[in-house]
Amino acid sequence: MAAANGIELFYLCLVLWSNQTSNGDVFEKNHDELDIEFLGNIEGKPWRFQTNVYGNGSTNRGREERYNLWFDPSKEFHRYSILWTAKNIIFYVDEVPIREVVRNDAMGGDYPSKPMSLYATIWDASSWATNGGKYKVNYEYAPFTSEFKDLVLDGCAIDPIQKFPNSTACSETDTWLESRDYAIITPKSRSAMRRFRQRYMYYSYCYDNVRYPITPPECAVDSNEKQRFRNTGRLRFGGSHRKQARMERARRKRRSRAASVSDDQTDM
């Protein structure tokens, strides 16, 4: 079965893994897709993962955001969730919202709007996933496994053959989903999302002016967040939020001392 809108919640312990909602088997040339993908791991280094959104076959317009994890996802189960409604998409890790995409008219067909199914796969993305393809999968460690538990999939169930459901068929389910706590980012949870992004996000397509000279219409550009990224959308060198804050405090102290010395010389 496919779902027209919904929420997926599950716990996962993994080695290499990708989760997605997609309809590529039905809409081969104009499919929709929502992704949570782990990007491979080098022992001793933080695990990395990305979220992505495709709509109407817009695979040439990737909407990737990439993050470091604060835990090792191969050691214990954690909860990963995607909320998808006609109004917004929210990605969660362990109840913390990490990304929100709010639908607007300028997105047009790029907003996922057709029924999708849930996929969980392990696949070889050696050409790009680990340090841009620098490190390849070592098959000496095969077989690779992932374990799931407590899967929850809520939404409006649709027969996959029914490509375009009646617009009123899912209205009751949509209303129910949009009323749930996890469908609304409260001030408290928005602060948690901001802290996550400050500490762990190291790439955002919204700040990648090389790929997108014109900022994509769904991007809600945060001026403070933007300062931390180069024009390539990547974090500036040494650029965690805490490091940037320490560097800014040091710059202010230097400027203050310089101004104090200048005043002393003027008095002389």
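**Ground rules.** The model is predicted, so I keep local features only at pLDDT of at least 70 and side-chain atom pairs at pLDDT 80 or more, while totals for chains, interfaces and linings use all residues. Residues count from 1 along each chain as its sequence is written, and side-chain values use heavy atoms, without hydrogens and water.

**Helix 2.** I looked up helix 2, residues 187–200 (helices are DSSP runs of H or I, at least four residues; strands are E runs, at least two; both are numbered from the N terminus). At 1.5 Å a residue (times one less than the number of residues), its 14 residues should span 20 Å, and the end C-alpha atoms are 20 Å apart, so that agrees.

Which residues of helix 2 are buried? I found Ser189, Ala192, Met193, Phe196 and Arg197 (buried is under 20% relative accessible area, exposed over 50%, partly exposed in between, with a 1.4 Å probe and protein chains only). Exposed Pro187 and Lys188 sit on the face turned away from the buried side.

**Cores.** Next I checked the largest nonpolar core, which has 32 residues (buried Ala, Val, Leu, Ile, Met, Phe, Trp, Tyr and Cys joined through side-chain atoms within 4.5 Å). Leu34, Phe49, Ile89, Phe91 and Ile98 touch the most other members. Strand 11 gives the largest share, six residues. Apart from this core lies another of six residues, including Tyr92 and Met193.
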